[in-house]
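Here are my notes on the two-chain model you sent over. Have a look at it first, then read on.

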Amino acid sequence: MQIYLPIAEVSVNAFLLLGLGGLVGILSGMFGVGGGFLMTPLLFFIGIPPAVAVATEANQIVASSFSGALAHLKRKTVDLKMGLILLIGGLLGAGIGLIIFNYLKSLGQVDLLVKLCYVAFLGIIGSLMFIESLRAILKTQSGSLPKKVRRPRSFAQQLPFKMRFRTSGLYISVIPPILVGLLVGILSAIMGVGGGFIMVPAMIYILGMPTKVVVGTSLFQIIFVTGFTTVLHATTNYTVDIALAVLLLLGGVLGAQLGSQFGTRLRAEQLRILLALMVIAVCVKIALDLLIMPTELYSISNASMH
Amino acid sequence: MLRLILLFLISTSSAMAESVVIGMDKEKVAITATFDGSQILLFGAVKRDKPAPSGDIQIVVTIAGPSEPISVHRKAKVLGIWMNTDTVEVDAAPSFYAVATSSNFSSTINDTEDLRYKVSIPRAIRSVGAPMDVLDAASFSDAVIRIRSEKGLYQLLENKVNIDEQTLFRTSIEMPADISDGDYTARILLTRNGNVIDEFTTIIDVRKVGLERFLFNMSRENPLAYGLMSIAIAIFAGWAASLLFRFFRAT
């Protein structure tokens with residue numbers, strides 16, 4: 001069944017969109033990631049204009065992160081205070097990201113920017129995750145339990161403007177969380193992602209937050225940052241396609257439920273190595289698009305949307 | 001019914017030696033949520049005051065979508081990466097353009113008349129002002145034609161207008177699903193020996209309707225409310241999903 005998307009102004013198969021939503025939903029349920037970093041490139045591949053894909057995906061992430069954050073709030077695994085501090089940086093970052101996005105769009109370079117961001121971040125995160133989960137698997141196979149290392153005093157504890165975060169059991173400066181929020185906010189606006197795949201490692205390794213509250217807190221602040229990004233894209237570029245978002249949502253909701261059930265049957269290290277491989281695969285695919293000579297050298301963009 | 005319309009059209013048309021009157025199966029194309037392209041059937045007749053001069057008549061039918069400014073980018077390899085390096089702004093290019101002729105294009109209308117009436121696809125674009133400062137501007141407009149032709153947005157349909165008895169003619173033009181809305185101009189040129197004898201234009205109203213129209217208009221006229229509504233829908237969907245999950249887990 002073909003459906004005409006009112007904002008993207010393209011006609012696509014509704015079942016394809018439901019299927020994509022479902023597939024990414026399964027993955028996000030299995031791995032506990034938002035899936036924006038997979039969905040946005042997939043939308044490019046099926047012919048949705050990149051600007052619409054990025055803006056609409058931000059809107060879809062509002063839904064999936066809200067649903068996820070609710071569950072974490074119930075389990076009290078959200079550090080609300082830390083979430084709010086991250087959010088200050090996040091909203092600022094989303095604003096900056098959108099200015100960069102719109103400036104490069106006027107230069108006709110927005111596709112390149114988005115793709116380069118994807119290659120860089122997916123490449124780094126994918127390889128790090130792959131190496132670490134491979135090590136963890138080797139360790140468990142050799143029989144020795146992973147040693148608990150007491151983390152050295154991080155620089156987050158040495159900077160000024162310290163604040164106590166009871167839920168996380170931390171007493172650190174607010175500067176690093178604001179900077180982390182800022183970076184993820186910029187990426188959210190440019191890449192159409194929630195940024196959980198960067199936020200989560202940053203919270204663990206840079207801020208030293210306990211793993212228990214990391215996902216919930218990340219989801220909590222992603223709701224607001226992607227919500228803000230949605231409004232910014234809607235008011236400056238008119239590129240949020242609500243019909244597209246709803247179709248992706250429906251598939252995503254079902255998929256996430258299925259995925260979380262698959263996820264319980266696999267071991268954590270195996271899950272992480274699978275996710276790492278997937279992240280690397282998407283990275284390689286986008287990189288090849290940039291490196292191999294395209295069959296059509298010319299492209300058309302709508303000048304009136306500048 | 002068709003004949004009655006034609007008779008009516010013929011009897012009321014202006015008094016020229018030879019003039020053209022037309023009808024269409026639809027004057028409105030509604031873009032609904034399930035819009036999957038459309039076919040427009042154009043038919044008409046040639047009205048004559050006196051016997052036809054020698055030489056067969058030919059018909060050209062064009063349908064042009066609303067013109068809009070576009071940017072055409074060309075990629076080149078920079079530091080190993082293919083990126084957009086050259087851009088040509090085209091002041092206005094029709095978002096859709098179809099030309100149907102009753103014979104080969106060149107034998108239906110001659111070059112001078114093509115230039116005057118801007119009938120052929122390249123003329124329909126170039127006529128609205130490609131910049132002169134880019135040396136190979138032609139390759140950019142060629143690219144526009146190539147890309148849009150592949151999507152069925154630009155069509156050259158030679159020998160697709162049927163003429164009966166030098167009087168009645170008909171053609172049908174397919175519009176793909178990916179068209180934008182606006183006023184589409186349908187134009188019929190009556191030619192003999194390559195020269196235009198009469199021209200007739202009419203408007204086809206291509207509009208999003210219902211929900212499509214509501215959403216599109218809201219996104220342009222009230223973008224803040226549209227953005228907030230998008231978030232509200234997303235929040236509601238997220239909440240409904242988590243509610244549903246808990247229900248399923250409980251059972």
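**Notes on the model**

1. Let me start with strand 10 of chain B, where Arg170(B) is the bridge partner of Asn162(B). Strands and helices here are DSSP runs, E of at least two residues for strands and H or I of at least four for helices, numbered from the N terminus. Two strands pair if DSSP finds at least two bridges between them. Strand 9 (residues 162-164) of chain B meets that criterion, with three bridges to strand 10 of chain B in the antiparallel sense. The two form a hairpin with three residues between them, and Glu165(B) in the turn has a positive phi of about 55°.

2. A word on conventions. This is a predicted model, with local features needing pLDDT of at least 70 and side-chain atom pairs counting only at pLDDT 80 or more, while totals for chains, interfaces and linings use all residues. Residues are numbered from 1 along each chain as its sequence is written, and chains are lettered from A and ligands numbered from 1 in the order in which they are written.

3. Strand 10 (residues 168-175) of chain B also pairs with strand 3 (residues 38-48) of chain B, antiparallel over eight bridges. The side chains of strand 10 alternate: Phe169(B), Thr171(B), Ile173(B) and Met175(B) point to one face and are buried. By "buried" I mean 20 or more other C-beta atoms within 10 Å of the residue's own; 12 or fewer is exposed, in between is partly exposed, and C-beta atoms are placed from the backbone.

4. Zooming out, chain B has seven helices and twelve strands, and 32% of its 251 residues count as buried. Among its contacts between residues at least 6 apart in sequence, 68% join residues at least 24 apart. A contact means C-beta atoms, placed from the backbone, within 7 Å.

5. How is chain B divided? Into domain 1 (2-208) and domain 2 (209-251), with bounds that come from an automatic or database domain assignment. Six residues of domain 1 are in contact with six residues of domain 2. On the domain 1 side, strand 2 (28-31) and strand 12 (195-208) of chain B each supply at least two residues. By class, that side has three nonpolar, one polar and two charged residues. Ala, Val, Leu, Ile, Met, Phe, Trp, Tyr, Cys and Pro count as nonpolar, Asp, Glu, Lys and Arg as charged, and the others, Gly among them, as polar.

6. Now the contact between the chains: 48 residues come from chain A and 49 residues from chain B. Helix 3 (50-74) of chain A is among the suppliers, and gives the largest share of the chain A side, nine residues. That side divides into 30 nonpolar, 16 polar and two charged residues.

7. There is a sheet across the two chains, too. Strand 5 of chain A runs antiparallel to strand 5 (residues 67-78) of chain B, joined by five bridges. Among the bridge partners, Asn302(A) goes with Ile70(B) and Ser301(A) with Ser71(B). The sheet is open, with three strands in the order 5(A)-5(B)-6(B) and antiparallel pairing. Its edge strands are strand 5 of chain A and strand 6 (81-94) of chain B, each pairing on one side only.

8. Which residues touch the most other members of the largest nonpolar core? Leu5(A) and Leu244(A), out of 152 residues. Such a core is a set of buried Ala, Val, Leu, Ile, Met, Phe, Trp, Tyr and Cys residues joined through C-beta atoms within 7 Å. Helix 8 (residues 211-236) of chain A gives the largest share, 13 residues. The core also draws at least three residues from each of domain 1 and domain 2 of chain B. Leaving aside neighbours within four places in sequence, Leu244(A) is in contact with Leu5(A), Ala8(A), Leu17(A), Ile48(A) and Thr56(A).

9. Two backbone spots to check. Most residues other than glycine have a negative phi. Tyr238(A), in the loop between helix 8 and helix 9 of chain A, has a positive phi near 55°. Asn193(B), in the loop between strand 11 (182-192) and strand 12 of chain B, has a positive phi of about 55°. Asn193(B) is partly exposed, with 13 other C-beta atoms within 10 Å.

Notes
Contact = placed C-beta atoms within 7 Å.
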